[in-house]
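Please read it with the coordinates open.

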Amino acid sequence: FSGTRKFQAEQREQFRQGLTEHLQEAIDRGDMVIARKNDKAIGMVRVYKLDRVAPNQFVDGDIYEIGKALVVPEERGKGVYRKLRKQAIARLRKKYGDVPILAGTKTEGVKKLNRDDGWTEIGFENYLRIYGAPDNDIDAQKDDIQRKGWTAFLHMPNKEN
């Protein structure tokens, strides 16, 4: 039994090391922005190019997504996400130019920020279409999407923010 615990501990450590390496690579590529306060991570946001984009009415070609955003509860409502997002977009622009950016959210504060910054609300159904979800799958999820308050936004090139 103690051999099993040791094996599980070794597996957890290998997983932790692999995750740490993956995160560091993402940070080094500029795909992840981390906010720190007093040497402690308080928030993060990830940006990445979508590998497969289905034909859609919004964008021809590459689309980047901003997501996987987290801010620790005690720092929410203090503008941390706004700063992270601004830095992430600046890194994208520096690396790839002014590219279209997709974001899906159910968070009211993020929705307001996107609207205030002039992002186009496209709805979560169109978000799923961009990813290539079939219409029948989208229709089957429509009530759940609306009930949970999900929506999506698109930031198009040549717009501010």
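1. Threonine 120 lies in strand 5, where strands (DSSP E runs of at least two residues) and helices (H or I runs of at least four) are numbered from the N terminus. This threonine 120 is partly exposed, with a relative accessible area of 34%, on a scale where buried means under 20%, exposed over 50% and partly exposed the range in between, for a 1.4 Å probe and protein chains only. From threonine 120 to alanine 152 the C-alpha to C-alpha distance is 8.4 Å, although the two are 32 residues apart in sequence.

2. On provenance, this is a predicted model, in which local features need pLDDT of at least 70 and side-chain atom pairs count only at pLDDT 80 or more, while totals for chains, interfaces and linings use all residues. Residues are numbered from 1 along each chain as its sequence is written, and side-chain values use heavy atoms, with hydrogens and water left out.

3. The six strands form an open sheet with the order 1-2-3-4-6-5 and mixed pairing, two strands being taken as paired if DSSP finds at least two bridges between them. Strand 1 (32-37) and strand 5 (120-121) are the edge strands, each pairing on one side only.

4. How do strand 1 and strand 2 pair, in the parallel or the antiparallel sense? The pairing of strand 1 with strand 2 (residues 40-49) is antiparallel and runs over six bridges. Lysine 37 stands opposite lysine 40 of strand 2, and methionine 32 has arginine 46 in strand 2 as its bridge partner. The two strands form a hairpin with two residues between them, and asparagine 38 in the turn has a positive phi of about 50°.

5. Helix 2 (residues 80-96) packs on the sheet and touches strand 1, strand 2, strand 3 (64-71), strand 4 (101-105) and strand 6 (151-155), a contact meaning heavy atoms within 4.5 Å. The direction of helix 2 makes about 40° with that of strand 2, the axes being lines fitted to C-alpha atoms, for helices over the stretch in contact, and the angles running from 0 to 180 degrees between N-to-C directions.

6. Among contacts between residues at least 6 apart in sequence, 68% join residues at least 24 apart.
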